[in-house]
Amino acid sequence: MTLRSVSSDFAAPDGGFIGPSLCWWTISRARPMAVCRDIGLHLDASVPAVTGTLPPGHPFAIRATVLTPLTAGGSEHLADGIVEVDAGGRIAGVREAAGAATAGVIDLRPLVLLPGMVDLHAHLPQLPNAGLGAGLDLLTWLDRYVFPLERRFDDAEAAARLAPAAFRAFAAAGTTTVLAYGAVFKASTDGAFQAAEAHGIRAILGKVMMDRITYDERIDPATILDRSLRESEELIARWHGADDGRLGYAVTPRFAVSCTADMLRASAELAARTETWWQTHVSEDPGEIDEVHRLFPEARDYVDVYDRAGGLGARTILAHAIHLSDRELARLVETGTRIAHCPSSNLFLASGVMPLARYLEAGLAIGLGSDVAGGPDLSIFGVMRVGAYSQTVRRVVADDTEPTLAPLDWLRMGTLDGARALGLDERIGSIEVGKEADLIAVDPRMTAAMRDLPYDPAEVDAADVMSRLIFRSHPDMVRRAWVRGRRLEGPPGPA
Ligand SMILES: [Zn+2]
């Protein structure tokens with residue numbers, strides 16, 4: 001290997017020091033090249049392509065504002081803090097910078113370090129359609145916009161074209177963990193896993209299962225159930241738990257309208273037997289709910305369809321759940337079933353407005369989801385904004401008297417609560433010693449109405465920082481993202 005170039009195009013903000021320790025190997029199968037990204041050092045790579053687990057990053061420490069929810073409750077805000085990451089990618093220290101040694105520390109002030117966002121609901125093949133089809137009802141939108149797009153996400157080549165860019169886009173939006181649906185095809189789901197493996201994002205993916213409606217006419221309908229179960233199991237064997245749990249599998253029946261009771265039951269059995277997740281949609285749209293009642297006359301309600309299939313429980317993430325009856329709500333709480341709240345999708349497709357405060361009061365476990373492309377925006381900050389406005393609308397129009405969430409509550413829901421919904425809160429979701437370093441660095445200056453005014457982190461409290469990030473999000477404000485201490489491609493780096 002020979003040294004090819006040393007670029008000087010990287011400038012530390014405010015003249016801060018960029019230590020050579022912030023350097024790691026990224027190995028691309030397509031472009032074998034080793035890059036020390038943060039110091040712009042490019043090495044010629046006559047090295048063989050490497051597959052499997054990437055080497056761990058070097059230990060490093062970052063100086064920045066630190067804002068995180070805490071597992072024990074409340075949050076921590078250090079206007080000028082240092083976060084240390086060890087060689088294994090775990091958080092080794094979180095401290096005030098005042099009085100601490102700063103030699104070799106990477107100075108990212110005035111960026112704000114947050115835990116990476118957790119997106120509990122997205123559809124990988126639909127990303128190219130984000131922002132299209134506003135106001136259509138769910139079933140029309142699926143037919144007109146979604147199924148044609150998913151039909152084209154059918155092989156490894158389609159995955160290679162789309163998935164790497166999709167994961168870069170998630171990272172650029174600040175998402176470090178994503179739970180996503182593929183299409184019905186095994187090959188493209190496998191390709192998406194390969195892209196996630198190479199990119200470094202934490203991803204739980206699943207091949208969509210549907211046997212009542214299908215957009216893959218090449219498969220004999222009589223064989224769809226067996227084939228879909230077999231292909232899901234093959235993907236589980238290859239990917240679930242890969243890279244020490246960074247990648248995982250979610251068994252993914254699309255929703256009750258497109259699945260028979262047999263498929264719902266068999267898929268839930270598969271998830272339970274393989275200790276994977278089980279994800280689907282529930283109670284999103286009034287037309288969809290009517291259709292479920294028609295298709296499952298024996299069920300008491302929509303939630304009961306999944307209950308009868310054995311699908312409820314702590315490893316299950318149901319998207320939407322907007323129009324729940326009291327009985328359905330109580331049953332979801334009782335079974336510990338998790339909900340992906342997708343308010344931007346719910347308004348985009350005119351599905352409804354979740355009574356979030358009532359659900360939280362009842363003890364429902366809820367995180368946030370973008371639901372791209374039902375939702376137009378990959379950013380969980382954008383989802384928080386629409387969620388907050390939705391709550392306000394319920395107060396103003398529907399006489400909702402429960403308290404609305406404050407900015408730091410939204411931060412918790414988009415990070416630690418999302419991690420908890422996945423059962424990963426011991427590993428990720430907050431910036432606390434011992435957790436894996438899934439972090440993002442966000443530039444708060446980009447959220448100001450006037451950029452020319454001086455910004456002093458010491459004069460801004462935690463709620464105000466978060467309020468601006470939610471209500472004045474800038475599409476490029478996430479400057480860096482890391483998973484387990486490894487930097488992700490996508491965010492543009494400090495300006
Ligand atoms: Zn969805």
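Helix α13 (residues 407-414) packs with helix α15 (residues 462-471) at an angle of about 65°, their axes lying 8 Å apart, which makes α13 roughly perpendicular to α15. The structure described here is a predicted model. The crossing of α13 and α15 is left-handed, and the contact is built from P407, L408, W410 and L411 of α13 together with A462, A463, M466, S467 and I470 of α15. Of the residues in this contact between α13 and α15, eight are nonpolar and one is polar, while none is charged.

Helix α12 (residues 380-397) also packs with α15, at an angle of about 95° and with the axes 7 Å apart, and that angle makes α12 roughly perpendicular to α15. Here F381, M384, R385 and A388 of α12 meet L469, I470 and F471 of α15, and the residues of the contact divide into six nonpolar, no polar and one charged.

| Helix pair | Angle | Distance between axes |
|---|---|---|
| α13 and α15 | about 65° | 8 Å |
| α12 and α15 | about 95° | 7 Å |

Turning to the strands, an open sheet with mixed pairing is formed by seven of them, in the order β6-β5-β4-β7-β17-β18-β19. Because β6 (91-96) and β19 (486-487) stand at the edges with a single partner strand each, one side of each is left without a neighbour in the sheet. Within this sheet, strand β4 (residues 60-69) runs antiparallel to strand β5 (residues 75-85), and nine bridges join the two; I62 stands opposite V83 in β5.

Note on methods
Residues are numbered from 1 along each chain as its sequence is written. This is a predicted model: local features need pLDDT of at least 70, side-chain atom pairs count only at pLDDT 80 or more; totals for chains, interfaces and linings use all residues. Axes are lines fitted to C-alpha atoms, for helices over the stretch in contact, and angles run from 0 to 180 degrees between N-to-C directions. Helices (H or I, at least four residues) and strands (E, at least two) are DSSP runs, numbered from the N terminus. Angles under 35 degrees count as roughly parallel, over 145 as roughly antiparallel, 65 to 115 as roughly perpendicular and the rest as oblique. A crossing is left-handed if the near helix is turned anticlockwise from the far one by less than a right angle, and right-handed if clockwise. Two residues are in contact if their C-beta atoms, placed from the backbone, lie within 7 Å. Ala, Val, Leu, Ile, Met, Phe, Trp, Tyr, Cys and Pro count as nonpolar, Asp, Glu, Lys and Arg as charged, and the others, Gly among them, as polar. Two strands pair if DSSP finds at least two bridges between them.
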